[in-house]
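Take a first walk through this protein. Keep the sequence and the 3D view side by side as you read.

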Amino acid sequence: MKLNILIVGVGGQGALTTAAILARAALKSKINVLTAETHGMAQRGGSVEVHVRMGDVFSPLIPLCDADVMIALEPSEALRYSNYLNEDSKIILNSRAIIPPSVTTGRAEYPDLDIIIGELKKITNDVRVVDASSVAEEIGAIQATNVVVIGMLAKLVELPFKYETLEESLKEVLPEKLHEINLKALKAGYNAV
């Protein structure tokens with residue numbers, strides 16, 4: 001068994017926390033797991049990529065064209081890291097854009113969501129566009145968008161551990177004061193797809 005999950009987004013969206021919850025769930029289930037992160041100016045909204053590899057793996061970095069699943073917390077970041085995808089990859093794409101300063105100052109243009117989806121579908125047809133940010137807002141916790149996406153992942157992809165293990169892992173990774181709202185976010189994401 002091998003499962004390569006690539007998590008991409010911008011700083012502040014919780015990509016590292018997402019990876020920590022998934023890795024903890026694998027460890028609790030006695031599954032070999034390796035993670036690696038690379039990010040730029042993450043605290044300023046810079047690009048973030050996190051690799052989570054489970055099962056029969058020996059390196060923390062996903063080889064190019066070998067991601068089984070891409071979780072894109074921000075749409076344009078899916079394009080940036082599309083070289084990790086192949087025709088069998090699944091993409092869970094949060095539809096809410098985070099517009100970088102270069103676009104707001106007029107130095108660059110942000111691609112239309114339909115263009116992003118079209119480019120990704122040239123690689124794989126399995127692109128699931130979700131509005132995880134709106135689901136998180138509905139429960140009163142936009143900061144939990146990443147946890148909503150974990151719930152969606154649990155519904156859309158056969159993970160090598162149970163949903164309850166994700167709940168336990170979330171409680172181990174996050175501070176106690178955040179447990180209730182994030183457990184609600186996890187369930188909301190699971191039920192939204």
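**Around the last helix**

The buried residues of α8 have cover that includes α5 (132-138), α6 (145-156) and α7 (163-173). Helices here are DSSP runs of H or I with at least four residues, strands are runs of E with at least two, and both are numbered from the N terminus. Cover is judged by contact, meaning heavy atoms within 4.5 Å. Buried means under 20% relative accessible area, exposed means over 50%, and partly exposed lies in between, with a 1.4 Å probe and protein chains only.

Before going on, note that this is a predicted model, in which local features need pLDDT of at least 70, side-chain atom pairs count only at pLDDT 80 or more, and totals for chains, interfaces and linings use all residues. Residues are numbered from 1 along each chain as its sequence is written, and side-chain values use heavy atoms, with hydrogens and water left out.

Which residues of α8 are buried? They are His-179, Asn-182, Ala-185, Leu-186, Ala-188 and Gly-189. An α-helix has 3.6 residues a turn, so residues three or four places apart point the same way. Helix α8 covers residues 179-192, which is 14 residues. The expected span is 1.5 Å times one less than the number of residues in the helix.

**The whole protein**

Now step back. The protein has eight helices and six strands. Along the sequence they run β-α-β-β-β-α-β-α-α-β-α-α-α-α. The radius of gyration is 16 Å, close to the 16 Å that the globule rule gives for 193 residues, so the protein is as compact as a globular protein of that length. That radius is taken over C-alpha atoms, and the rule is 2.2 Å times the number of residues to the power 0.38. Along the principal axes, the C-alpha atoms fill a box of roughly 50 × 35 × 30 Å.

How much of the protein is buried? Buried residues make up 49% of the 193. Of the contacts with a separation of 6 or more, 64% are between residues 24 or more positions apart.

The protein exposes about 9600 Å², and carbon and sulfur atoms supply 50% of that area. Accessible areas come from the Shrake-Rupley method with a 1.4 Å probe, and for residues only the protein chains shown count as cover. As for charge, there are 19 positive and 24 negative charges, and their mean positions are 4 Å apart. Lys and Arg count as positive, Asp and Glu as negative, while His and the chain ends are not counted. Each charge is placed at NZ of Lys, CZ of Arg, CG of Asp or CD of Glu.

**Residues in helices and strands**

Start with Glu-77, in helix α2 (residues 75-80). Is Glu-77 buried or exposed? It counts as buried, at 3% relative accessibility. Beyond four places in sequence, Glu-77 touches Val-8, Gly-9, Val-10 and Ser-47. Lys-177 is 100 residues from Glu-77 in sequence, and their C-alpha atoms are 30 Å apart.

Thr-165 sits in helix α7. This residue is buried too, with a relative accessible area of 13%. Neighbours within four places aside, Thr-165 is in contact with Ala-25, Lys-28 and Ser-29.

Glu-137 belongs to helix α5. At 43% relative accessible area, Glu-137 is partly exposed. Leaving out neighbours within four places, Glu-137 contacts Arg-96 and Ile-142.

Val-129 lies in strand β6 (residues 127-130). Its relative accessible area is 36%, and Val-129 is partly exposed. Past its neighbours within four places, Val-129 contacts Leu-93, Ser-95 and Ile-117. The C-alpha atoms of Val-129 and Ile-92 are 6.1 Å apart, although 37 residues separate them along the chain.

**Two loop residues**

Finish in the loops. Lys-30 lies between α1 (15-28) and β2 (33-39). Its phi is near 60°, a positive value in a residue other than glycine. Lys-30 counts as exposed, at 77% relative accessibility.

Cys-65 is in the loop between β3 (47-55) and β4 (69-72). Phi of Cys-65 is near 65°, again positive in a residue other than glycine. Cys-65 is partly exposed, with a relative accessible area of 47%.
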